[in-house]
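Student: I have a new structure to read. Could you take me through it, feature by feature?

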Amino acid sequence: MVITFLVLLAVLMLVGTPIFIALAGSVTVAMGSFSHIPLAIVAERLFAGLDKFPLMAIPFFILTGSLMSAGGLSQRIIRLANLLVGRFTGGMGMTAVSASMFFGAISGSSPATVVSVGSLLYPAMRKEGYSGQFSIGVLVSSGSLGIIIPPSVVMIVYAAVTGVSVGALFMAGVGAGLLYAACLLPYCWYRAKKDGVTPVEPPSWGEVLAGFKDASWGLGVPLVVLGGIYLGIFTPTEAAAVSVVYALLVSALIYREKSFVELFQSMIEAATTTAQVMIILAAASVLAWFLSSNGLAAMLANAILSLSENPYHIFLLINVTVLIAGMFLDASSIMVILAPLFYTVGMRVGIDPVHLGAVLTVNGAIGMFTPPFGLNLFVAGTINGVDYVQAVRGALPFIGIALFALILLTYIPAISMWLPNVVYGG
């Protein structure tokens, strides 16, 4: 039965079958062929996989990002980022990184960050003299910050399948995201020097203050979410609901750049995105039940531990495995399929589950722009003048930089764990 499942799963994924059909379908066929267990258990596990309190935060955070994006926040964030770092050599590339970090703190989505920031910055970077490959490379790589900087949907998924604190994961995401962004900035300076791009005139303090004032309402979303969680005012799920109300008020009553009909359309788009995420989670929960009930999960964990029980070696194996998986699967799917296994292994060798969650999230972020199936590479095709091949070539140097950041994050736990230890007292 297990062999049939594995073969069918591999075939369905290779032919491009939607991931939720590949996961749930292969389990159903294997059980129907070799087991006497009623197939109704599959439908039961589909719904049981979604019956988890932390998952309630996902639709709220997705809706918050959709409302703020539709409400005109993208332009304000890019303008503010350019005012802060545009004066330096490589400033436009640094603006892309900074704007992606700000926008990621609101949207929680990597593809949405690439589209929102890239559609405005790519033409501007080309006009300033940056090469096309570098311009799209920095956009698809920095766009992956959307799933690292809290609030992160991917971290919520990890919390749902492992039981780790969402708040602690969000705190770990701050350190991981800042490290990731900091590693990208020197390369922006180097490429600008190499391409002979000259920095722009530095803005006045008045312009900087005006930029802060213009974007301040939008930047209040992460402050509301993280501040509320940190101060104990509400749980992460309640914070997500509060962020929706805040985003709706800002978009409809303060920025007022979109009509209520257009804002309602953004709600429909958010509902579609939520449905896509949730159906994958439901199917993956069927897979998790199948693996555990047949003892396959324990067998895989024991096989990994038979190689080594050294945490450094285990982390190396985890990173290599997830990086390969990231070439073919999105970060949320990876979390649901692999996180329970690696969580079990990590606990047995003394790896902190919060640190593991941060490392897995960064792995998933790198997979977002790793060929052949990195989603950001395909999303980049929606930007005028960019095709898939150009996006892949532009992303290659940034993959190396992101791997360097991953190594630092993996083997220097204090980078991600300092803030959770401060907030939650170790």
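Tutor: We will go through domains, helix packing and peptide bonds in turn.

Tutor: This is a predicted model, in which local features need pLDDT of at least 70 and side-chain atom pairs count only at pLDDT 80 or more, while totals for chains, interfaces and linings use all residues. Residues are numbered from 1 along each chain as its sequence is written, and side-chain values use heavy atoms, with hydrogens and water left out.

Student: Which domains does the assignment give for the protein chain?

Tutor: Domain bounds come from an automatic or database domain assignment. Here it gives domain 1 (1–37) and domain 2 (53–424). Their C-alpha centres lie 31 Å apart. Contact means heavy atoms within 4.5 Å. Domain 1 brings 11 residues to the contact, and domain 2 brings 14.

Student: What area is buried between domain 1 and domain 2?

Tutor: The size of an interface is often given as the accessible area lost when the parts come together. Buried area is that loss, found with a 1.4 Å probe and summed over both parts. Between domain 1 and domain 2 it is about 1,100 Å², and carbon and sulfur atoms give 95% of it. On the domain 1 side, Ile19, Phe20 and Leu23 lose the most area to domain 2, together 40% of what that side buries.

Student: At what angle do helix H10 and helix H19 pack?

Tutor: Start with the terms. Helices are DSSP runs (H or I, at least four residues), numbered from the N terminus. Axes are lines fitted to C-alpha atoms over the stretch in contact, and angles run from 0 to 180 degrees between N-to-C directions. H10 (residues 166–195) and H19 (residues 388–411) pack at about 140 degrees, with axes 9 Å apart.

Student: Why are H10 and H19 called oblique to each other?

Tutor: Angles under 35 degrees count as roughly parallel, over 145 as roughly antiparallel, 65 to 115 as roughly perpendicular and the rest as oblique. H10 and H19 are therefore oblique.

Student: Which residues of H10 and H19 meet?

Tutor: From H10, Ala176, Leu179, Tyr180, Cys183, Leu184 and Tyr187 take part; among their partners in H19 are Pro397, Phe398 and Ile401. Ala, Val, Leu, Ile, Met, Phe, Trp, Tyr, Cys and Pro count as nonpolar, Asp, Glu, Lys and Arg as charged, and the others, Gly among them, as polar. This contact has 14 nonpolar, no polar and no charged residues.

Student: How do H17 and H19 cross?

Tutor: Their axes come within 10 Å and cross at roughly 175 degrees. That makes H17 roughly antiparallel to H19. The contact has 8 nonpolar, 3 polar and no charged residues. Residues in H17 that meet H19 include His355 and Asn363.

Student: Where is Pro151, and what kind of peptide bond joins Pro150 to it?

Tutor: Most peptide bonds are trans. Pro150 and Pro151 are joined by a cis bond, with omega about 0 degrees. Pro151 lies in the loop between helix H8 (132–142) and helix H9 (153–162). The bond from Pro371 to Pro372 is cis too, with omega near 10 degrees. Pro372 sits in the loop between helix H17 (353–367) and helix H18 (375–379).

Notes
Helices (H or I, at least four residues) and strands (E, at least two) are DSSP runs, numbered from the N terminus. Buried area is the accessible area (1.4 Å probe) that two parts lose on being put together, summed over both.
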